[in-house]
Amino acid sequence: MEKLVRFVLTVEPNFWDDTKNANEVLDKIKNMLGDFEYFYDLDIIPGYFHGTGDVFASVLTSCIMKNKTLEESTKIAVDMTVESIKKT
């Protein structure tokens, strides 16, 4: 029986110093990990926002614990994190 591995990968834009756009980031990740399903994209908000990873992880975990799918949980976590940044 084949096991399905599902994960959420977030990328901090400055980690990819030589990357000019999101497609190049995805190509680099695919080269490292192999092919994968990519289902969420958003514009980069310039700046440094400490604690956003904690917000994202907390919301994602809470949603999964409430039996939401990984896709639903990720969307909610991203949306809440982005809104938190916008209000900062």
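The side chain of Glu72 comes to 2.9 Å from the backbone nitrogen of Thr69. This feature belongs to a predicted model, in which the protein chain has three helices and zero strands. Glu72 itself is part of helix α3.

- Leu60 is 12 residues away from Glu72 along the chain, and the C-alpha atoms of the two residues are 9.0 Å apart.

**Helix α3**

- Helix α3 comprises 17 residues, 70–86.
- The distance from the first C-alpha of α3 to its last is 24 Å, close to the 24 Å expected at 1.5 Å a residue.
- The buried residues of α3 are Leu70, Ser73, Thr74, Ala77, Val78, Thr81, Val82 and Ile85.
- Helix α2 (52–65) is included in what covers the buried residues of α3.

**The chain as a whole**

- The order of elements from the N terminus is α-α-α.
- Of the 88 residues in the protein chain, 19% are buried.
- Among contacts in the protein chain with a separation of 6 or more, 48% are between residues 24 or more positions apart.
- The protein chain has an accessible surface of about 7,300 Å², and carbon and sulfur atoms contribute 56% of that surface.

Methods:
Residues numbered from 1 in each chain as written. Predicted model: local features only at pLDDT ≥ 70, side-chain atom pairs only at ≥ 80, totals over all residues. Heavy atoms only, no water. Helix = DSSP H or I, 4+ residues; strand = E, 2+ residues; numbered from the N terminus. Expected span 1.5 Å × (residues − 1). Buried < 20%, exposed > 50% of the residue type's maximum accessible area, 1.4 Å probe, protein only. Contact = heavy atoms within 4.5 Å. Areas by Shrake-Rupley, 256 points an atom, 1.4 Å probe, with all protein chains shown as cover. Polar contact = N/O pair within 3.5 Å; in protein donor to acceptor, adjacent residues only side chain to side chain.
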